[in-house]
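Good morning, and thank you for making time for this presentation.

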Amino acid sequence: MTALEFSLILLVSSLAAGLLGALSGLGGGVVIVPVLTILFHVDIHYAIGASLVSVIATSSGAAAAYVREGFSNIRIGMFLEIATTLGALLGAWLTTRVPTHSIGFIFGLVLLYSAYASLKKRRDALTQQPDPLALRLKLKGSFPSTSTTHQDYIAQRVPAGFGLMTVAGTLSGLLGIGSGAVKVIAMDQAMRLPFKVSTTTSNFMIGVTAAASAGLYLRSGYLAPALVMPVMLGVLLGSLIGSRLLVKAQVRTLKIVFALVIFALGAEMIVNSLRGTL
Amino acid sequence: MNAPTTWNDQRIETWVGVLLRTGVMLAAAIVLTGGILYLAHTPGPRPDYSHFHAEPLQFTQFTSILHGVATLNPESIIMLGLLVLIATPVARVLMCIVGFLFERDRLYVAISAIVLAILLYSLFFYR
């Protein structure tokens, strides 16, 4: 296979991965790593390097669209970014030391969990209880619930949310992903933030979190230019198309199909890691 | 009188959105340019990524990447695009600091400064 053919196949596959990531709400990173390692036999270090870059691109590319809706909360995002960036430093450091098959195994587990989490019904469980720490840190806001009214919210259980965000950051640095699924646990379930606020704020945070691992990835030689090029462009394009489609499509059935694909990829990664063939 | 009242969170977010979109489009354009040059100059078989050998120093250090760009090395140009991409979220945090300064929110100037410090440390010193 020539370099041109290889790049074109990677471009198309990454486009599909970006599309899948956007439509399932899981993000491109969690899909592109198994595609690269299982389908293209790319070493996992190169795969997570290409994924990390794609994650920064999709997070930044999608942000402009989210901003207009007025759901994201820059204060909550910025405060929690302290946790995710510190976690990312730890995760990226672990990546340079942990053996390949362990990374693959953990990645497989995260895929299985993400598949499950993408199907779970999310329901807002808002409380207006003024949490003293959240008040002091101004972790509150309001979002447009109908065209005329605004719904107020305030974060709950700030330390638990902060702790979970450190875990999300560590997974992001270790696996080169956005770890949307863990961020959702932290923001929806621990901090009781409204669904729309947590998804859009989490998207904002992903780029900053991933940038905290990028320096070490670069110096450790994980960013292979000729591999990253088609992957980053493909995932970015795919996710931009995906988020456009998302507005129109009825996604429930699609989500089930995608969850099954993600589940299968996760199982495959775990099996390959245990066999030592990853 | 005007500055503090007109700088609200929504305004910061709008600017941040424009910045992120611009950064990612610029990065993608540079990566695409480098990619086209790379493919035009690489007629041979595909590179093998099945075993990890860290990329050469040429592509892992800021100064050598810039040096490669000066000699129009296609892969160095791709790496330059990636550096622009990585710098985009950092610029976003910087822009939030400015926004919070205008809002006179000292607490969030400090919180954003901590995030910026972690990012700069990770980019330049962490190994």
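By helices I mean DSSP runs of H or I with at least four residues, and by strands runs of E with at least two, numbered from the N terminus. Please keep in mind that what you see is a predicted model.

On that basis, chain A contains 11 helices and 2 strands. Read from the N terminus, the order of elements is α-α-α-α-α-α-β-β-α-α-α-α-α.

Let us turn to overall dimensions. Along the principal axes, the C-alpha atoms of chain A occupy a box of roughly 60 × 40 × 30 Å. Among contacts in chain A with a separation of 6 or more, 82% are between residues 24 or more positions apart. The accessible surface amounts to about 10,300 Å², and carbon and sulfur atoms contribute 66% of that area.

I now come to a helix pair. Two packed helices are described by the angle between their axes and the distance between the axes. For helix H1 of chain A, residues 3-24, and helix H2 of chain A, residues 29-40, the angle is about 140° and the axes are 9 Å apart. The crossing of H1(A) and H2(A) is right-handed. Which residues of H1(A) and H2(A) meet? From H1(A) come A:Phe6, A:Ile9, A:Leu10, A:Ser13, A:Ser14, A:Ala17, A:Leu20 and A:Gly21, and from H2(A) come A:Val31, A:Ile32, A:Val35, A:Leu36 and A:Phe40.

Finally, I draw your attention to helix H9 of chain A, which spans residues 195-219 and includes A:Ser213. Is A:Ser213 buried or exposed? A:Ser213 counts as buried because its relative accessibility is 0%, the cut-off for buried being under 20%. Apart from neighbours within four places in sequence, A:Ser213 is in contact with A:Leu52, A:Ala88, A:Ala92 and A:Gly173.

A:Ile206 also lies in helix H9 of chain A. With a relative accessible area of 14%, A:Ile206 is buried. Setting aside residues up to four places away in sequence, A:Ile206 touches A:Val55, A:Ser59, A:Gly178 and A:Lys183. As for A:Leu119, it is 87 residues from A:Ile206 in sequence, and the C-alpha atoms of the two are 21 Å apart in space.

Notes:
Residues numbered from 1 in each chain as written. Chains lettered and ligands numbered in written order. Predicted model: local features only at pLDDT ≥ 70, side-chain atom pairs only at ≥ 80, totals over all residues. Heavy atoms only, no water. Axes fitted to C-alpha atoms, helices over the stretch in contact; angles between N-to-C directions. Left-handed = near helix turned anticlockwise from the far one by under 90°. Contact = heavy atoms within 4.5 Å. Areas by Shrake-Rupley, 256 points an atom, 1.4 Å probe, with all protein chains shown as cover. Buried < 20%, exposed > 50% of the residue type's maximum accessible area, 1.4 Å probe, protein only.
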